[in-house]
Amino acid sequence: MRYVYSFDHKHRRPPMEHKDLLGGKGANLAEMSSVLKLPVPPGFTVTTDACRAYMESGWPSDIDDEIARHVAELEATMGRSLGDANDPLLVSVRSGARISMPGMMDTVLNLGLNDKSVKGLAKVTGSKRFAYDSYRRFIAMYANVVMGADADAFEARLADARSATGAATDADIPADALVSLCTDYKKLAKEQTGKAFPQDPYKQLRGAIEAVFASWNGARAVAYRVRENIEHTLGTAVNVQTMVFGNRDERSGTGVGFTRNASTGENKPYGDFLVNAQGEDVVAGIRNTQNLDDMKEVFPEVYDELLDIFVRLERHYTDMCDTEFTIEQGKLWMLQTRIGKRTGVAALKMAVDMTKGTGKGADRWKITREEALQRVTADHLDAVLHPQFDTSGEVVATGLGASPGAAVGAVYFNADDAADAADRGEEVILVRNETSPEDVHGMMVAEGILTVRGGLVSHAAVVARGWGTPAVVGAEAIKIDGKQFTVGSVTVREGDVISLDGSTGEVVVGAMHTADAEPPEEFEILLGWADKVRKGKLAVRANADSGDDAANARRLGAEGIGLCRTEHMFLAPDRLPVVRRMILADTEEEEAAALDELRTVQQADFEEVLEAMDGLPVTIRLLDPPLHEFLPSVEELKIKQASGGLSDQERRELAAAEAWSEHNPMLGTRGVRLGVIKPGLYAMQVRALLDAAAALRKRKKHPIVEIMIPLTVTREELALARSWVQTEVDSALKGMKNKPDITIGTMIETPRAAVRADEIAEAADFFSFGTNDLTQLTFGFSRDDVESRMMPAYLDQGLLKRNPFDTIDQTGVGDLVRLGVERGRSTKKKLKMGVCGEHGGDPESIDLFYRAGLDYVSCSPYRVPIARLSAAQAVI
Ligand code: ADP
Ligand code: MG
Ligand code: MG
């Protein structure tokens, strides 16, 4: 196998298509050298194949010869040789994986210097100072990154040298001091590592390359890959490149530049540089950098050349690039380029700005609308939609960023206190160990939600995301104690102000400043393009439970509601007592009276939702959760009972709560099963819905109602439930002139339902895949229980590549979805199908749903723009 390629090797395809083999840095260096013919110091790339071979069975035996041949070639090109005592060739050794990755080994510069060649360098450059400055940098870097010595010790000696010579900066330390610093450094390396600093340049080279390989599996790099879902088997490439010297004199320098402004997207190059400096000096903030505009004054010719290169890079890569460059005695060298990272705002602006207009003249290099859509990610959209902190503060705890956005408010520890405070006009953050449906009225008024336990699909997380409320969950370092919490030595009492960052999961004590999100104009432009692309192929609906949510969703581009959960309508403070009366009813009359009361209020709710989505389909799910969720907690009542007694009402509530309590409510009496036990309940809901639809028809509106039965597992079950619904529909619509549009369907959320979808389809007009439950039941993972402890361990150890509650499991749960679609349509060719789990807002999952043949995805209102984009990306 071939392990080494020079930058100007003639690959059959453009080098930038060989990132797998050459790594990102290597591929782009080759692209700049061999295709763009930019001034790039010559060098070669040791491939990722070599790194993989090394990881498997150590240093590949046949690689030394190949490296030696490429070094010889480089020496011939440069007319200098490694370690030469008169005019030495120096190189840098640079890591570069396919995906740029912090945590990998740092770059080693000036390799090839030793006690002899440093003298040669001093002679040919006429500067002893420069030669020993380069040498001291090399020894320190090599000792640190290759030999494992502590960098601080070297920094300390450098500081000593500065103060001993009265130098203001490193650049002022005189040559002789640098000479003795080099001697010092070599001793220090020996002391710290037990090994001598190698004088043989080939040993130095082999050591550096091996260190890069080994750093692939260093703890920091592994942790980074876990977080970013990068595969551990990719390996890194290593680039060996002729050194050029920005630290040679005042006609030299080094810098970084962006072809456009990466933060605003403005079409104006942006950059920083330093005169007489090398390598990381610019980013390390050791000296104050100057910006690109100053360069026009300092190095006018280089400035023109660089700007010209920026234009060529953009046209070639058809995107904004970032670059690293060095100027040696007035000559410009390009050391790196890649497609630059950018903020959300900049990403949107650049995508639109770089899209072809009429396609004439200077526009020719530009991209198509489809390409522009591919450039924008869910995170970019997310970033422009949510308010952001624009300052930073001291982070006291970090949990999971469960619902993005910035929130500042006074902490309250239960829903009632939070609601009271909000009534008084306070901005509130609800802090709970975890939340349950009983906390909803407090969550509703909160600016932000913080929980100690729970994962990304815990109740708190799901509800918060649904409302676009920032939330941090599973911040386990926090201990709640009555009406205060402690974290480390910090105590936060009720009413104290904290700040939450729902993107990063950070919790800060005190108020940080936030700025409102104002999506730029490009936001609408891009989403308009996205809608055109996906039209008729994949629709986007929202999960919304109220008129306000529905209106908001529609404003954000939702084409209907894929899931309206009716239980939230039961939980409002004025409704809960009626629901409890219904559950506690001793007689049929009592039950019927309570149901009737609920029917009236539900009708009003339904009217609001249907009106907000007028003319668009609205899927209403009949009641799904176990009834005990509407009852007070058994534990709390028991404590009260022990400490003095309960009212009559409370005694009955306790009895009912105990009667309805289940060992595993998630697998117990919920969904359609509840309907079987309390048939009056579903009938009532359907009546309320039909009355709402009829009322709207009278007002010349066009409600489109999809009645959805949750959690059905068998055909018989669905047929029975359908018959109740049908009876109500028939009686309500009898004799009506302008009948509303009504269909009846079911959720597919158990493995059995997916497998038997052909039978279930017989009784259904539509399917909606409930992928949250389907994931729980397919894996046998109780999501609230596995997310905080088990999931991180599974992800760290690679037992799962992704949290299947975030991104649908492509092969397991995904297969069940595919099977369900296929079998359902084998019974009814045109069966309408969608998905309404959390996955409906996740880009990769949306891709799978599109390929599986679903007609729509449904997600929380705030994810709708993201889903519109992702749906278009899936279609392209
Ligand atoms: P990173 O991936 O951390 O940016 P690089 O390999 O790009 O690391 O190296 C960091 C810096 O070192 C570069 O920005 C450049 O300034 C300097 N550098 C690397 N190779 C050379 C070289 N051959 N000549 C001069 N400077 C170099
Ligand atoms: Mg670095
Ligand atoms: Mg770099």
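Predicted model: local features only at pLDDT ≥ 70, side-chain atom pairs only at ≥ 80, totals over all residues.

Reader: How do you know that domain 1 and domain 2 are in contact?

Author: Two residues are in contact if their C-beta atoms, placed from the backbone, lie within 7 Å. By that criterion, 15 residues of domain 1 are in contact with 13 residues of domain 2. Helix α1 (residues 19-35) supplies the largest share of the side of domain 1 that touches domain 2, namely four residues. That side divides into eight nonpolar, five polar and two charged residues.

Reader: What makes the span of helix α28 close to the expected one?

Author: Helix α28 (residues 715-733) has 19 residues, and 27 Å is expected at 1.5 Å a residue. From the first C-alpha to the last, α28 reaches 26 Å, which is close to that value. After α28 comes G735, whose phi is positive, near 75 degrees.

Reader: Which residues of α28 are buried, and why are they said to be on the same side?

Author: The buried residues are E717, L718, A721, R722, V725, E728 and V729. They cover an arc of only 125 degrees around the axis, and therefore lie on the same side of α28. An α-helix has 3.6 residues a turn, so residues three or four places apart point the same way. On the other side of α28, E716, S723, T727, D730 and S731 are exposed. The cover over the buried residues of α28 includes α26 (672-677), α27 (679-698), β29 (704-709), β30 and α30 (757-760).

Reader: Which residues does the UniProt annotation "binding site" cover?

Author: In the unreviewed UniProt entry, this annotation covers R565, R621, E749, G770, T771, N772 and D773. A further "binding site" listing in the unreviewed UniProt entry names E749 and D773.

Reader: Why is E749 called buried, and why D773?

Author: A residue is buried if 20 or more other C-beta atoms lie within 10 Å of its own. E749 has 26 such atoms within 10 Å and is therefore buried. D773 has 23 C-beta neighbours inside 10 Å, so D773 also counts as buried.

Reader: How do you know whether G770 and T771 are buried or exposed?

Author: G770 has 27 other C-beta atoms within 10 Å, so G770 is buried. T771 has 30 and is therefore buried. G770 lies in the loop between β31 (766-769) and α31, while T771 lies in helix α31. Not counting residues up to four places away in sequence, G770 touches M747, I748, E749, C836 and G837. With such residues again left out, T771 touches I808, V813, V835, G837 and H839.

Definitions and conventions
Residues numbered from 1 in each chain as written. Chains lettered and ligands numbered in written order. UniProt positions renumbered as here; feature names shortened; annotations may be inferred. Buried ≥ 20, exposed ≤ 12 C-beta atoms within 10 Å, placed from the backbone. Helix = DSSP H or I, 4+ residues; strand = E, 2+ residues; numbered from the N terminus. Expected span 1.5 Å × (residues − 1). Arc of directions from axis to C-beta. Nonpolar A, V, L, I, M, F, W, Y, C, P; charged D, E, K, R; others polar.
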